[in-house]
There are 2 protein chains.
Amino acid sequence: MSQYDNVSVVKQANVYFDGKCVSHTVILADGTKKTVGVILPSSLTFNTGAPEIMEGVGGSCRVKLKGESEWKTYAAGQSFDVPGNSSFEIACDEPYHYVCHFG
Amino acid sequence: MSQYDNVSVVKQANVYFDGKCVSHTVILADGTKKTVGVILPSSLTFNTGAPEIMEGVGGSCRVKLKGESEWKTYAAGQSFDVPGNSSFEIACDEPYHYVCHFG
């Protein structure tokens, strides 16, 4: 599924890390909030409040979760889980397009 | 109105100018396509195919249309028209959030 249907989308973007990460907030019919976004080539550390599931929809990235020693690669069509109140390092060499689902 | 309701949104972003401009495509219930996007601090030249109306929803920018000699400043809540098959220069010092309407 390449798009969300019957949703609301907030016009103003969420801009993080001087624009290395840009997303728009989407609200599903049942009130669930998600973000559709892109991470530009960079190496960043994100902190989580709620648990997140990051779903790749284009490009690829390397991820190292807090407390782990190994980087894992995720491409479009793959997802990774991030615990709440944690952090993860993410690195990409090309734009990484994602949907972020909040747990 | 800070959001669009009852729309479809394409999950993959549109990335231009190495990420200096990132947008997501929104499709209204009647099939009309728009993009919600952000231009990061930069000075860029965009070419248009169809005529466009750029509606500012956050931040501000300076714009010089092809064939004009004067820069004009547009803030959130203001819009400017761009003819089809033309171009415009846009410069911003802060993220400029916009909705692009195609004519």
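A residue counts as buried when its relative accessible area is under 20%. The model shown in these views is predicted.

**Figure 1. A salt bridge crosses between the chains at B:Lys11 and A:Glu55.** Side chains of opposite charge can pair when their charged atoms come close. Here the N-to-O distance is 3.9 Å. B:Lys11 sits in the loop between strand 1 (3-10) and strand 2 (14-16) of chain B. Its partner, A:Glu55, belongs to strand 6 of chain A. B:Lys11 has a relative accessibility of 5%, so this residue counts as buried. Over all chains, the salt bridges number 6.

**Figure 2. A rotation superposes chain A on chain B.** Two copies of a chain are related by a rotation about an axis and a shift along it. In this model the rotation is 180° and the shift along the axis is 0.0 Å, with an RMSD of 0.0 Å. The copies are therefore related as by a two-fold rotation axis. In chain A, the C-alpha nearest the axis belongs to A:Asn6, at 2.3 Å. Of the interface residues of chain A, 100% are also interface residues in chain B, so the copies meet through the same surface.

**Figure 3. A:Arg62 and A:Asp93 form a salt bridge within chain A.** Their closest N and O atoms are 3.2 Å apart. A:Arg62 is in strand 7 (residues 60-65) of chain A, and A:Asp93 is in the loop between strand 10 (87-92) and strand 11 (96-102). A:Asp93 counts as exposed at 63% relative accessibility. A:Arg62 counts as partly exposed at 31%.

**Figure 4. Four strands of chain B form an open sheet.** Strands of a sheet pair through backbone hydrogen bonds, either parallel or antiparallel. In this sheet the order is 5-10-7-8 and the pairing is antiparallel. Strand 5 (42-47) and strand 8 (72-75) are the edge strands, and each pairs on one side only. From one strand to the next, the twist averages 30°. Strand 5 and strand 10 (residues 87-92) are joined by 6 bridges. B:Leu44 stands opposite B:Ile90 of strand 10.

**Figure 5. A:Thr48 is buried in a loop of chain A.** The loop runs between strand 5 (42-47) and strand 6 (52-58). A:Thr48 has a relative accessibility of 7%, so this residue counts as buried. A polar atom of the A:Thr48 side chain lies 2.7 Å from the backbone oxygen of A:Pro83. A:Thr48 also touches other residues, including A:Val82, A:Gly84 and A:Phe88.

Methods
Residues numbered from 1 in each chain as written. Chains lettered and ligands numbered in written order. Predicted model: local features only at pLDDT ≥ 70, side-chain atom pairs only at ≥ 80, totals over all residues. Heavy atoms only, no water. Helix = DSSP H or I, 4+ residues; strand = E, 2+ residues; numbered from the N terminus. Buried < 20%, exposed > 50% of the residue type's maximum accessible area, 1.4 Å probe, protein only. Polar contact = N/O pair within 3.5 Å; in protein donor to acceptor, adjacent residues only side chain to side chain. Contact = heavy atoms within 4.5 Å. Pairing = 2+ DSSP bridges. Axes fitted to C-alpha atoms, helices over the stretch in contact; angles between N-to-C directions. Least-squares fit on C-alpha atoms with pLDDT ≥ 70 in both. Salt bridge = Lys/Arg side-chain N within 4 Å of Asp/Glu carboxyl O. Lists of a residue's contacts leave out its neighbours within four places in sequence.
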